[in-house]
Amino acid sequence: MVLYRKYRPQKLQDLIGQDHVKKTILAQLESGKTSHAYLFTGPKGTGKTTTARILAKAVNCTANRLTTNAKSKKASLSRSTLDVQQTFSEPCNQCSSCLAILKDANIDVMEIDAASTRGIDDIRNLRESIKLVPVTGRFKVYIVDEAHMLTNEAFNAFLKTLEEPPQHAIFILATTAPEKMPATIVSRCQVFNFFPATHAQITEVLEKIAKAEGRDLDNEFLTKIAAKSEGSYRDAVVLLEKILAQENLDEKTITELLTGVDFEVLTRFAQNLAEKNAKGSIVMLNDLVVQGVPAQVVNSEFTTFLRNLLFVKVGVHNSLDLQADNINALSKLAEKFTQGEILELIRLFEQAAAQKNSPVAQLPTELAIAQFCLPKDKE
Ligand SMILES: Nc1ncnc2c1ncn2[C@@H]1O[C@H](COP(=O)(O)OP(=O)(O)OP(=O)(O)O)[C@@H](O)[C@H]1O
Ligand SMILES: [Mg+2]
Ligand SMILES: [Zn+2]
């Protein structure tokens, strides 16, 4: 099993970070006041689907079904026993309901991936099946991943269901792009924002996994993985898996796996730019893309490289974690640029990195190169 599935947190308390989400949802479970519709927003790999599944397990867990907390038991003495409120807690992960959800085989918990189906048939089915009471559990839980990808038609169909959800229904929508969701849907959901993982949080997750796998990795590498992962726990765990799969865990192999583009290649790329050689730079970019390095990766590697270059140029590189021979190479290279030029390059490449939806993935980077190298039009 791939590591990120193997080590997917199975209880709220196992989630690293996202404290506000954990606290609020646990309080809702313990008071029996769960919502009928949730919207989980936040960047990739931060725990949205994971939390949705934990919640689905918790409300259907048979261990939970039998417990009522002391407070509501007391209250029930003075009221009718019918008032006893169902309360929940963390899922037990051992009862038949929890196990079925773990295996993706619980008929009362449905997961819809809006990105692949765009949803209309699924939503139609959902509107029909939602009317029926749950088969085995207490709640029917619908998890809609990448919810912003639903078509308008699907959203409209869904809205009708959200307006009058049956008592036994819980919807959990998850999205990385909440701004693309219709306001009518968002306003009917309880919204939870998931935060990008900090380096320290990622390191914590990686340490646990490496230990569980019986492997010992230098803290230095874990920190490097964290820096590469852009706030995504999943990306970090995937990178860790790549590294653990290596037979030789020497420093060079790990650095190569983590860098993507060689320092030496980045240096040559920068030299071409220093010479305002647009053609040479674009050809290099193309070669890298052909070798399978995505333009976005070239872009982010090069931006980090430029930042290092700037730090060396202004003499504050002590704070950077750079190898000594790289610092020497950077100092030589820095002589070929003015400070202003380096700043301009950083701005241009950052702008290019922000354009993630270009029909030609490398075009924004090519434009950045052209803009820097070609003489500016004077009007
Ligand atoms: N808060 C967390 N603590 C520990 N591990 C986490 C956390 N969030 C995510 N992970 C790891 O990342 C993997 C992916 O998480 P998950 O599928 O929940 O992300 P997501 O937010 O739904 O991402 P996407 O937007 O890409 O669907 C999990 O299986 C787990 O290994
Ligand atoms: Mg997800
Ligand atoms: Zn259970």
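1. C98 is buried, because its relative accessible area is 0%, whereas C92, at 23%, counts as partly exposed. Buried means under 20% relative accessible area, exposed over 50% and partly exposed in between, with a 1.4 Å probe and protein chains only.

2. The model is predicted: local features need pLDDT of at least 70, side-chain atom pairs count only at pLDDT 80 or more, and totals for chains, interfaces and linings use all residues. Residues are numbered from 1 along each chain as its sequence is written, chains are lettered from A and ligands numbered from 1 in the order in which they are written, and side-chain values use heavy atoms, with hydrogens and water left out.

3. The SG atoms of C61, C92, C95 and C98 coordinate the zinc ion (ligand 3) at 2.3 to 2.4 Å. Donors are N, O and S atoms within 2.8 Å of the metal (3.2 Å for Na, K and Ca). The spacing of these donor residues in sequence is C-x30-C-x2-C-x2-C.

4. The arrangement around the zinc ion (ligand 3) is tetrahedral because its 4 donor atoms subtend angles of 98 to 119°; four donors count as tetrahedral if all angles lie between 85 and 135 degrees.

5. Among the 37 residues that line the second largest pocket, Y4, Y7, R8, P9 and T50 lie nearest its centre. A pocket is an open set of points on a 1 Å grid where a 1.4 Å probe fits, with protein on both sides within 12 Å along at least five of seven lines; lining residues have an atom within 4 Å of a point.

Conventions:
Four donors count as tetrahedral if all angles lie between 85 and 135 degrees; four count as square planar and six as octahedral if opposite donors are over 155 degrees apart and all others between 65 and 115; anything else is irregular.
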